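Reader: Could you take me through the features of this model, giving for each the general idea and then the case at hand?

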Amino acid sequence: MADDEIRDALPEELNVTGYVGPYRFPDNSRRRVPGVMYLVVGAALVVVWLVTKGSHPVLINEGLAWVGALLIAVGTFSITSGWRMNLRETDALVAATRAMGFPVGHASAQLAWRGLRSRPTWRILCYSAESPPHRRGFVLIDAIDGRVVQQLIEDNPEDWNDSLG
């Protein structure tokens, strides 16, 4: 190809004319739908095994009961870990800014899950508003009730002088 034939093109996902709004994280309460499906199928398998238990059919054995019990356990977990998130990303960033105790410049939020029941938690990294930032902080904010679970604030150990010059 000749140099005059080469054209840079912006990837489709970065095209501003196709922008439809900010990304919205899916709510964890969607886990409840497959959880109910697992419970129904698991209960049906256990019932089929119990009804045919004495007749010794060829394709129905104790393994069917074990699979049914496993599906019931997974369904129960899915339903109990299907938390409804009351705190969106922007609300979590505001709460993190309040918790920092210094003016926040750049910040980044990531959704994570804590504990056995997968409680949704926002992990937020904040830098102070100076250029270069003198302080940074890390905050965990519960996505259900908005409370600050944990926070760490420290002087920024990164050397930004070479990149600013």
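The dialogue below goes from the overall fold to the hairpin, the rings and the surface.

Author: This is a predicted model, in which local features need pLDDT of at least 70 and side-chain atom pairs count only at pLDDT 80 or more, while totals for chains, interfaces and linings use all residues. Residues are numbered from 1 along each chain as its sequence is written, and side-chain values use heavy atoms, with hydrogens and water left out.

Reader: How many helices and strands does the protein chain hold?

Author: Helices (H or I, at least four residues) and strands (E, at least two) are DSSP runs, numbered from the N terminus. The protein chain has 4 helices and 4 strands, in the order α-α-α-β-β-β-β-α from the N terminus on.

Reader: In which sense do β1 and β2 pair?

Author: Strands pair if DSSP finds at least two bridges between them. Here β1 (residues 104–114) and β2 (residues 119–128) pair in the antiparallel sense, over 9 bridges, with L111 opposite W122 in β2. The hairpin has 4 residues between these strands, and G115 takes a positive phi near 75° there.

Reader: Which residue lies over the face of W83?

Author: A charge sits over a ring if NZ of Lys or CZ of Arg is within 6 Å of the ring centre and within 35 degrees of the ring normal. In this model R119 lies over the face of W83, at 4.7 Å from the ring centre.
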